[in-house]
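Please read them with the structure open.

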Amino acid sequence: MKLLAYLFVLLFISACSAPHVPPVKVEKTTKKIGYLQDVKPIMDKRCVVCHSCYNSPCQAKYSSFEGIDRGASKIAVYDASRLKAIEPTRLFVDANSTEAWREKGFFTLTHSDESNTTVDDSIMMHLLHDKKLHPEIIGEYDPEHDTLSCPRDKEELEEYLDDKPYHGMPYGLPKLSDKEYITISQWLAQGAKGPTPKEQKALTAPSLNAAKEIKKFEEFFNNRDAKHQVSARYLYEHLYLAHIYFPSAKGEYFKLIRSSTPAPQKPEIIATTRVFDAPNAAKFYYRLQKYHATIVHKTHMTFQFDDAVLARFKELFIKPEWDEAPHVMSYDPKESTNPIIEFAQIPVRSRYQFLLDNSRYIIMNFIRGPVCRGQIALNVIHDHFWVMFKDPAYDLGVLDPQFLKDEAENLTLPIEDVNNPILDVFSDTYRKKYAHYYRDKRKMMKEKFPNGVGYNSIWRGDKPTDAPLLTIYRHFDSASVSKGVIGEEPRTMWVIDYAQFERIYYTLVAGYDVFGNVSHQANIRRYMDYLRLEGEFNFLDYMPQKKRIDMFNSWYIGDNSFKTNEKVLIGNIGNVIKYKTIYPKNEFIEYVVKHHILKDTNIHFDTLNYKRPYDASVTMPKEFKTMKDYMQAMRSITRSGNNFVRFVTNHKANLIFVRVAMPDGSYRVKYLAINRWHNNVNSMFFEEETLNPKKDTMDILDASIGSYPNAFVLIDFKDLGDFLALMKTYDGSEVQNVALQKYFISRSDTRFWNIYDWFQNHYDKKEPVEAGLYDLNRYSSKVWSR
């Protein structure tokens, strides 16, 4: 009986275990497959598009050979339930060898014990082969949120393939072409070798032109007098994420790092959790290290270095007399996490002007920085708003630097620790400090400007390259920032001053640890509520006093948390602007754009989407004969109440790339940005309950925005009128579904990769410096039926 029982258990286990998967056969070749020449181009266009940032599935990052060699990890970077912070696992930073990554729990995806020139047993090979065997795309695919765990060995691999036969790689997208598949498989079978030493040196060594420029800037950053040291630290803490480039060295990008080695030795990065942490070295050097990984748009924040920029650094930070005798500061966490006080010796005017000079870059850091997924930065903002800045001549911190010093304790940020006690999630400490600062700020505002402030207090820009007005779009869990006023007039607008600008940067960028615990991240999210409110309150100061509370309440529908303090928060500052209409918000922004902002900045309203609140509604034309008819049709479908918008948001499509084939053989590209209506964005929970799809709108844009296309749409010009009319009249019927969906490119479409390549090449040619690979992790998860 014992023997029978044993056999029964054995048979039961055998029946439940996954079938054995033999090594994959590889097509024979005598050619040596090179990583840079043969493999990298395929990896970039077919693998890096999903495997490049912290949100890469299993931390498998393929944008460089170092990332491929590192492999994958079971540790989830984004973990909303993390009770304790974990050690960072940043590529190029936290380990420098295969062995060091293995000690941190990473496992290989490219090597196996059973590998030769005719077979390969690696995990990567099996996942590619499984897609070749099962190319069908069935169900929904959401790689950032699907419950996936990369198999780390043959046993787990067999279970994965048995359980998920339609989840090979590329995940949820069409298989590789036969040529691509053969090339990758042969490379794996040959041992998955990386660049040769000579090739690696060429990858990481600056060109002669770049080296000349690097020498100038490294001399500036490493000047040993106190004034230079403090200025260098301030600049480093704001530029450490930048992809720095020199006009004389096209195609090369560099990272500003703290290195244990001086020039001309090879830069060796000093790893710290955050940029303002002590470097743990008796002596360190600011160095420019070449960035040799593939450029991906979602982390590509460019910053030009040239002689003019170096002169500007000196003009802002070295030439002025400082507020205190220049002295090198400590890295004490209590002080270094409060940048307004830590850098108090540098004139506030200099610090603020640096932020204004680079306003788009700084705000881009909020979106493309460590918050790679975007929820912390984005769940807290509306889908579309415009940003302006307080002119330095009217900024309270510039006018009275002592005011900021006196507010030192109230200006502390929730970034001192990345491992906060869990109960701190419910703490009101920072809210109370912020409230105290805001009351003091309002009091000083009344003293300095008893009658309020006018248009002159809005920064107008100083030179053509400045961005005194910015447009921010939220695309659900990603976002974009553009120079100018783009799209329809938004519900809310912000005016940012120095103290707010600096705190947003340090809260969301310099002080945010993606590997921190839930309390650290939740406190940052809560603090961002206060920073958003301050920007909105700053804007409301320009509105008529009697209208401010109603305007504010229209942004916070269903939220009564401000009722008892509305007059203190909003209504106690005067207003010097004399409005002539009943639409003060529109009147204000029209004056700023048309009469106040420096004309050389080339900022003007978006003629397709922008309309005044008193403009008549636009109707769909009955026929299409001229371009004016098409423009009218597009304007008619951007308003709220359009069922087409609900159709695409149901497919998780908030950003859509459209290509129109013109009669002359050329193409026009448009970008559809969906603006989802939130009754309010004052809570990190239950976002769905604040949405009102009936009020969602859509902007049709000419300039490329966003890093994550959610859908591709192809239209022939002869069908454009029908397509626009269909968008206008869409009712969800099966007939219209079939008619509409024929234009959309499903993730299952056999043409998908060719179409992705077209859009990517179009962007690369149009914006050679700003462009990077689009990311496909958030492409519409549902298969579009045809």
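1. Strand S12 (residues 667–675) pairs with S13 in the antiparallel sense, over five bridges. Strands count as paired if DSSP finds at least two bridges between them; helices (H or I, at least four residues) and strands (E, at least two) are DSSP runs numbered from the N terminus. Leu672 stands opposite Ile700 in S13.

2. This is a predicted model, in which local features need pLDDT of at least 70 and side-chain atom pairs pLDDT 80 or more, while totals for chains, interfaces and linings use all residues. Residues are numbered from 1 along each chain as its sequence is written, and side-chain values use heavy atoms, without hydrogens and water.

3. The open sheet has five strands in the order S13-S12-S11-S14-S15, with mixed pairing. Strand S13 (697–701) and strand S15 (744–745) are at the edges with a single partner strand each, so one side of each has no neighbour in the sheet.

4. There are nine cavities of 30 Å³ or more. A cavity is a set of points on a 1 Å grid over the protein atoms alone where a 1.4 Å probe fits but cannot get out; lining residues have an atom within 4 Å of a point. Points are joined across faces, edges and corners, and volume is the space filled by probe spheres set on them.

5. The largest cavity has a volume of about 340 Å³. Of its 23 lining residues, the closest to the centre are His51, Tyr62, Leu127, Met169 and Tyr171. Helix H2 (35–46) and helix H5 (123–133) are the elements that give two or more residues to this lining, and H5 has the largest share, four residues.

Conventions. On a 1 Å grid over the protein atoms alone, a cavity is a set of points where a 1.4 Å probe fits but cannot get out, and a pocket is an open set with protein on both sides within 12 Å along at least five of seven lines; lining residues have an atom within 4 Å of a point.
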